[in-house]
Amino acid sequence: MIRALDILMAVVFGISALLQWNDPDPWPWALIYGGAAVVSGMSAARASSGRLAPALIAVVAVLWGIWVLTHISGGIAWSQLAESMKADSPQIEESRETLGLFLTAAWMGFVAFRRGQVTKKKSAR
């Protein structure tokens, strides 16, 4: 089940990274979503036992999300996030960015936690 979620999140983050190319500032967004996609894919493949990369991505996403959150003028437009794909106001775009960063941080934190559990199990043997 967890492996399927890793695969799903790798695909979601990969698509999110690709969708950033029409953004005015695509590189930071593509890097964080791309990094999360790679880490999720590696977790699905069980190719890494480290937790540094997902923990680092989680910390960056949280700090960045807090920064964006504190710079949203006019308040968060939570009720308008899914009304249409067009961001009719800067608040909608920034609210979506914040949500994306916090979702990235949550998933990367979960991956880092799981990697720590795997490391503990291996060292107990």
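Helices (H or I, at least four residues) and strands (E, at least two) are DSSP runs, numbered from the N terminus. This is a predicted model, in which local features need pLDDT of at least 70 and side-chain atom pairs count only at pLDDT 80 or more, while totals for chains, interfaces and linings use all residues. Residues are numbered from 1 along each chain as its sequence is written, and side-chain values use heavy atoms, with hydrogens and water left out.

**The whole chain**

Of the 125 residues in the chain, 35% are buried; here buried means under 20% relative accessible area, exposed means over 50%, and partly exposed lies in between (1.4 Å probe, protein chains only). The chain exposes about 7700 Å², and carbon and sulfur atoms supply 69% of that area. Accessible areas come from the Shrake-Rupley method with a 1.4 Å probe, and for residues only the protein chains shown count as cover. Contact means heavy atoms within 4.5 Å. Among contacts between residues at least 6 apart in sequence, 63% join residues at least 24 apart.

**First stop: α1 and α2**

Next, select residues 2-19, which form helix α1, and residues 26-44, which form helix α2. Two packed helices are described by the angle between their axes and the distance between the axes. For α1 and α2 the angle is about 160° and the axes are 8 Å apart. Axes are lines fitted to C-alpha atoms, for helices over the stretch in contact, and angles run from 0 to 180 degrees between N-to-C directions. The two helices are therefore roughly antiparallel to each other. Angles under 35 degrees count as roughly parallel, over 145 as roughly antiparallel, 65 to 115 as roughly perpendicular and the rest as oblique.

The crossing of α1 with α2 is left-handed, a term used if the near helix is turned anticlockwise from the far one by less than a right angle, with right-handed used if clockwise. To see the contact itself, show the side chains of α1 residues including Phe-13 and Ala-17, and of α2 residues including Tyr-33 and Gly-34. By class, this contact has ten nonpolar, six polar and two charged residues. Ala, Val, Leu, Ile, Met, Phe, Trp, Tyr, Cys and Pro count as nonpolar, Asp, Glu, Lys and Arg as charged, and the others, Gly among them, as polar.

Select Ala-17, which lies in helix α1. Ala-17 counts as buried, at 10% relative accessibility. Not counting residues up to four places away in sequence, Ala-17 touches Ala-30, Tyr-33 and Gly-34. The C-alpha atoms of Ala-17 and Gly-34 are separated by 5.4 Å, although the two residues are 17 residues apart along the chain.

Move to Ile-7, also placed in helix α1. Ile-7 is partly exposed, with a relative accessible area of 46%. Ile-7 and Ser-43 are 36 residues apart in sequence and 8.5 Å apart in space, C-alpha to C-alpha.

Then select Gln-20, in the loop between α1 and α2. Is Gln-20 buried or exposed? Gln-20 is buried, with a relative accessible area of 13%. Leaving aside neighbours within four places in sequence, Gln-20 is in contact with Pro-26, Trp-29, Ala-30 and Tyr-33.

Select Arg-46, placed in the loop between α2 and α3 (52-70). Arg-46 is not a glycine, yet it has a positive phi of about 55°. At 56% relative accessibility, Arg-46 counts as exposed.

Gly-50 belongs to the loop between α2 and α3. Gly-50 is partly exposed, with a relative accessible area of 37%.

**Last stop: α2 and α3**

Finally, select α2 with α3, which pack at an angle of about 145° with their axes 10 Å apart. Their crossing is left-handed. Pro-28, Trp-29, Ile-32, Gly-35, Ala-36 and Val-39 in α2 meet Ala-53, Pro-54, Ile-57, Val-60, Ala-61 and Trp-64 in α3. The residues of this contact divide into eleven nonpolar, one polar and no charged.
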